[in-house]
Amino acid sequence: MSAFASLAGGSVWKLASAVLLAALLVTLSAGTTAWWLAASARDQAQAELRVQHTLVAQLRGALDAQNAAVAAAGLATALAEQRGELARQQAAANARRFDLALARVAGVKAATCTEAMPAVNLILESIR
């Protein structure tokens, strides 16, 4: 072998090892950078997730309060409907009593207060 071939052979290995070392450094640098970016993105995503969890908890609380208000309004409506039905029944009963009282005094003719008072008393006693 010639001296040039042995020098070139030795230089090729040096050059190849330098290129491999540079490629290894670039790969490690890129890997470290990617790892750092991934960790940063993970930390940011976890922070956003905590914010979203807080928001969801607040919304759930608001929904629970709204559901409780709707349930209370429904109960109040049901109670009001019951009171209304009782009032209608009471008004119907009073109207029947008043109609009966008016039927009893339908033929009464009075020209003075004294003549009208027995009929008025009958009406008042009937609707009491």
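User: Why is Arg60 called exposed?

Analyst: This is a predicted model, so every value here is computed from it. Arg60 has a relative accessible area of 56%. Exposed means over 50%. The value of 56% passes that cut-off, so Arg60 is exposed. Its place is in helix H1.

User: What makes Ala101 buried?

Analyst: Buried means under 20% relative accessible area. Ala101 stands at 0%. That is under the cut-off, so Ala101 counts as buried. Ala101 also has its place in helix H1.

User: And Ala103, is that residue buried or exposed?

Analyst: Ala103 lies in helix H1. Its relative accessibility is 55%. The cut-off for exposed is over 50%, so Ala103 counts as exposed.

User: Why does Asn94 count as partly exposed?

Analyst: Partly exposed is the class between buried, under 20%, and exposed, over 50%. Asn94 is at 31% relative accessibility. That value falls in between, so Asn94 counts as partly exposed. Asn94 is found in helix H1.

User: How many residues of the protein chain count as buried?

Analyst: The share is 5% of the 128 residues. Each of these has under 20% relative accessible area.

User: What does the secondary structure of the protein chain come to?

Analyst: Two helices and zero strands.

User: Which residue is 9.7 Å from Ala103, C-alpha to C-alpha?

Analyst: Ile123, 20 residues away in sequence. Asn94 and Arg128 give another pair: 34 residues apart in sequence and 8.8 Å apart in space, C-alpha to C-alpha.

User: What makes Asp43 and Arg42 a salt bridge?

Analyst: Side chains of opposite charge can pair when their charged atoms come close. For a salt bridge, the nitrogen must lie within 4 Å of the carboxyl oxygen. The closest N and O atoms of Asp43 and Arg42 are 3.0 Å apart. That is within the limit, so the pair forms a salt bridge. Asp43 is partly exposed, with a relative accessible area of 39%. Arg42 is partly exposed too, at 46%.

User: How many salt bridges does the structure hold?

Analyst: Two. Besides the Asp43 pair, the side chains of Glu85 and Arg88 meet in a salt bridge. Their N to O distance is 3.1 Å. The limit is 4 Å, so this pair passes.

User: Why are Glu85 and Arg88 separated by about one helical turn?

Analyst: Because they are three residues apart in helix H1. Glu85 is partly exposed, with a relative accessible area of 36%. Arg88 has 52%. Exposed starts over 50%, so Arg88 is exposed.

User: How many positive and negative side chains does the protein chain have?

Analyst: There are 11 positive and 8 negative side chains. The centres of the two sets lie 6 Å apart.

User: Which elements give two or more residues to the nonpolar patch?

Analyst: Helix H1 (3-104) and helix H2 (113-127). H2 gives the most, with four residues.

User: What does the accessible surface of the protein chain come to?

Analyst: About 10,600 Å². Carbon and sulfur atoms account for 69% of that surface.

Note on methods
Residues numbered from 1 in each chain as written. Predicted model: local features only at pLDDT ≥ 70, side-chain atom pairs only at ≥ 80, totals over all residues. Heavy atoms only, no water. Buried < 20%, exposed > 50% of the residue type's maximum accessible area, 1.4 Å probe, protein only. Areas by Shrake-Rupley, 256 points an atom, 1.4 Å probe, with all protein chains shown as cover. Lys, Arg positive; Asp, Glu negative; His and termini not counted. Charge placed at Lys NZ, Arg CZ, Asp CG, Glu CD.
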